[in-house]
Amino acid sequence: MRQVKTSIDIACSPGEVWRVLMDFPAYAEWNPTIQQIDGVAMPGHRLRLILALPNGRTRTVRFRVAKVDVRRELRLRTSAMLPGLLRREHVFRLISRGAMGCTFYQEEEVSGLFSIFAGEGAFTALRQRFEAMNTALKARCEGTEPPMLLLPHHDAPAIEGNETAA
């Protein structure tokens, strides 16, 4: 099992950050890593995410909503067709810091037989995408949006599983 964990402090309430996270149609306006999300954030429902890759291409990933705790956590899961080959769990979590705002955590756990074939470069690239989204989310929520940052190009292989390149 491999994990990537990132966090950022945001000077807004968890409710304000949650509103931005759940406004799927607006992702293209601010999010440098997720161009689009289709679906409804309700347990058992499927979401289709279109990810922007550093080389200018896109990748479609499908997740099932595993948990929604409003203003606190959104947990998504995907797995390969055969059990045990590849499983990914992605979590967006908000922890209140009272008058200081909140901390946004973005985490992904990758497990299964195929996960051993993903090199360190794939996880480094994943961390960079999470950090770019975290920074953009903070700017969007705090009203200090900079121009959208482009991610550096990496030739590292993607973490495969239930994805299609466009």
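**Layout and rings**

Guide: The protein has 3 helices and 8 strands. Keep in mind that this is a predicted model.

Visitor: In what order do the elements run from the N terminus?
Guide: They go β-α-α-β-β-β-β-β-β-α-β.

Visitor: How much of the protein is buried?
Guide: 44% of its 166 residues count as buried. The accessible surface is about 8,700 Å², and carbon and sulfur atoms hold 55% of that.

Visitor: On to the rings. How many aromatic pairs in the whole structure?
Guide: The search finds 3. One of them is F24 with Y27: the ring centres are 5.9 Å apart and the planes sit at 80°, so the pair is edge-to-face.

Visitor: Are those two buried or exposed?
Guide: F24 is buried, at 7% relative accessible area. Y27 is buried too, at 1%.

Visitor: Which residues make up the cluster there?
Guide: F24, Y27 and W30, linked by ring pairs.

Visitor: And F92 with F104, how are the rings arranged?
Guide: Stacked, because their planes are at 20° and the cut-off for stacking is under 30 degrees. The centres are 5.9 Å apart.

Visitor: Which strands do they lie in?
Guide: F92 is in strand β6 (residues 87-96), and F104 is in strand β7 (residues 102-111). So the pair ties together parts 12 residues apart in sequence. Both F92 and F104 are buried.

Visitor: Changing topic. What sits over the ring of F123?
Guide: The charged end of R2, 4.1 Å from the ring centre.

Definitions and conventions: Residues numbered from 1 in each chain as written. Predicted model: local features only at pLDDT ≥ 70, side-chain atom pairs only at ≥ 80, totals over all residues. Heavy atoms only, no water. Helix = DSSP H or I, 4+ residues; strand = E, 2+ residues; numbered from the N terminus. Buried < 20%, exposed > 50% of the residue type's maximum accessible area, 1.4 Å probe, protein only. Areas by Shrake-Rupley, 256 points an atom, 1.4 Å probe, with all protein chains shown as cover. Phe/Tyr/Trp six-rings, centres within 6.5 Å; stacked < 30°, edge-to-face > 60°. Lys NZ or Arg CZ within 6 Å of the ring centre and 35° of its normal.
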